[in-house]
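Let's take a walk through a protein model together. Have the picture at hand and turn it slowly as you read.

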Amino acid sequence: MDFEKHPAQPLQPQPPASRREGPRAEGCLTAVIRIPVRVVVLVLVVPVRMVWDLLALGAKAVGRALGAVARVLVVTPLAWLYRKVLVPVAKVLGQVAHAVLVMPWVLLWRYVVVPLVRYGIVVPAVWLHRRVLTPLGHGLARLGRTVASALAAAGRAVGTVAEWLGRTLVLVPARWLYAYVLAPLGRALAWVGRALFVWPWVALGRYVLAPVGRGIVWLAAGLGRGVGWCVMTFLVAPAAWVWRAVLVPVGREVGAACGHAWRVAGYVSRAVGRGLKWLGWNLVGRPVRWVWLGVCAPVGRWVRDTLWAPVRRAGLEAGRAARGALRTARETVRRARRDAWRALVGGPADTRPAPGAAEAVEPVRAPARTLGSKTTASSAAPASEISLLGGSTAGRG
């Protein structure tokens with residue numbers, strides 16, 4: 001029971017009792033055919049579902065294998081061919097085509113066609129338009145405006161005279177003729193025509209043909225209703241009952257049985273698959289795992305730690321030593337080349353220390369004071385007049 005108050009709802013017309021849709025009770029035929037149909041469909045669908053699952057699993061495995069093979073045999077070579085061959089060749093061909101096909105036309109357009117058109121056509125045309133055509137056009141326009149003004153004034157005068165003559169000689173007599181002669185004559189002829197040709201046919205259609213047509217329509221409607229009642233009673237109603245009471249329940253039950261059997265077959269197929277997986281793991285996977293963990297992995301670790309690690313360390317040390325020797329040789333060659341070049345053409349001394357050698361700090365004597373020097377400190381030590389170091393003048397003491 002609902003003890004809360006609700007706002008009053010407007011009354012809505014309810015559909016007739018025959019059109020209301022309510023839960024329908026299942027008939028005896030549905031209950032009789034349900035269990036046998038489900039059993040038969042289950043027996044037929046379980047092998048189909050298992051075969052379907054096997055085919056789907058095989059198709060997935062074949063698809064992965066074909067994908068890997070295609071990736072190794074087709075995609076990778078094509079990608080390498082595209083990246084290493086086609087792209088460089090295309091770039092070279094593009095540059096060659098640009099140099100052979102595009103650049104001649106560009107140069108022809110830039111240095112031949114454009115100057116020829118500019119100085120051979122555009123500049124003379126601009127001068128002709130500016131110096132000849134524009135003044136001539138202005139003069140013709142002024143002359144045309146003068147002539148047009150004179151013609152317009154003459155046209156307005158002639159139009160005024162023609163309008164007065166037309167209104168006086170044509171429009172006024174025609175209006176009088178229409179109002180007092182043609183209009184009364186037309187109305188009389190129209191009344192005579194309606195009386196002789198229209199009204200008899202209107203009376204015939206209204207008082208004779210229309211009642212006869214209504215009677216024929218009423219008779220045809222009665223015959224149609226009778227034929228429709230016969231068709232609905234003897235054909236449509238039995239066919240609808242067979243459809244509603246036999247075909248629809250049978251089809252619904254068959255569809256439901258197929259869905260139920262397909263789901264049950266899926267459970268059975270998954271159980272069989274789990275059993276096969278368990279057998280495969282215990283017969284193949286577990287021994288292989290034991291062999292890998294108990295034999296292969298210890299042997300691999302022993303090989304890695306005992307054989308591969310010393311060889312790898314020795315290779316790294318040899319590589320470092322070789323790189324150090326190559327670096328020292330390159331530096332020695334550079335210094336020898338630099339000293340030879342300096343001995344041939346001269347140049348400043350190389351004051352950079354050799355790699356690994358300590359920098360030698362030597363005292364540098366201050367150069368002598370020259371004419372352009374501003375040094376006046378009394379503590380500045382004099383030096384020789386010719387400085388071989390090329391340094392600056394003496395600093396303050």
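Is Trp199 buried, exposed or partly exposed? We will come back to that residue once we know our way around.

A word on what you are looking at: this is a predicted model. Start with the overall layout. The chain has 397 residues, and its secondary structure comes to one helix and zero strands. That helix, α1, covers residues 28-345. Of the residues of the chain, 6% count as buried. The chain exposes about 34,000 Å², and carbon and sulfur atoms supply 71% of that area. Now consider the contacts between residues with a separation of 6 or more: 51% of them join residues 24 or more positions apart.

Next, look for the places where side chains gather. In soluble globular proteins, nonpolar side chains tend to be buried together. Here the largest nonpolar core has six residues, namely Val41, Val45, Val46, Ala257, Ala261 and Ala265. Pick out Val45 and leave aside its neighbours within four places in sequence: Val45 is then in contact with Ala261, Trp262 and Ala265.

Ser269 is buried, because its relative accessible area of 11% is under the 20% cut-off. Beyond its neighbours within four places in sequence, Ser269 is in contact with Arg49, Met50 and Asp53.

Two of those contacts lead us to the charged side chains. Side chains of opposite charge can pair when their charged atoms come close. The structure holds six salt bridges, and one of them joins Asp53 to Arg49, with the closest N and O atoms 3.3 Å apart. Both residues lie in helix α1, four residues apart, which is about one turn of the helix. Asp53 is partly exposed at a relative accessible area of 22%, whereas Arg49, at 12%, counts as buried.

Another salt bridge links Glu163 and Arg167, whose closest N and O atoms are 3.6 Å apart. Glu163 and Arg167 are four residues apart in helix α1, so about one helical turn separates them. Glu163 counts as exposed at 51% relative accessibility, while Arg167 is partly exposed at 38%. A further example is Glu317 with Arg320, where the closest N and O atoms are 3.1 Å apart. Being three residues apart in helix α1, Glu317 and Arg320 are also separated by about one helical turn. Arg320 is partly exposed, with a relative accessible area of 45%.

Let's finish with the rings. A pair of aromatic rings is described by the distance of the centres and the angle of the planes. The structure holds three aromatic pairs. In one of them, the rings of Trp176 and Tyr180 have centres 5.9 Å apart and planes at 40°, so the pair is tilted. Trp176 and Tyr180 sit four residues apart in helix α1, about one turn of the helix. Trp176 is exposed, with a relative accessible area of 52%, and Tyr180 is exposed too, at 59%. Trp191 and Trp199 form another aromatic pair, edge-to-face, with 6.5 Å from centre to centre and 85° between the planes.

That brings us back to the opening question. Trp199 is partly exposed, because its relative accessible area is 43%, a value in between the cut-offs of 20% for buried and 50% for exposed.

Key:
Residues numbered from 1 in each chain as written. Predicted model: local features only at pLDDT ≥ 70, side-chain atom pairs only at ≥ 80, totals over all residues. Heavy atoms only, no water. Salt bridge = Lys/Arg side-chain N within 4 Å of Asp/Glu carboxyl O. Helix = DSSP H or I, 4+ residues; strand = E, 2+ residues; numbered from the N terminus. Buried < 20%, exposed > 50% of the residue type's maximum accessible area, 1.4 Å probe, protein only. Contact = heavy atoms within 4.5 Å. Areas by Shrake-Rupley, 256 points an atom, 1.4 Å probe, with all protein chains shown as cover. Core = buried A, V, L, I, M, F, W, Y, C linked by side-chain atoms within 4.5 Å. Phe/Tyr/Trp six-rings, centres within 6.5 Å; stacked < 30°, edge-to-face > 60°.
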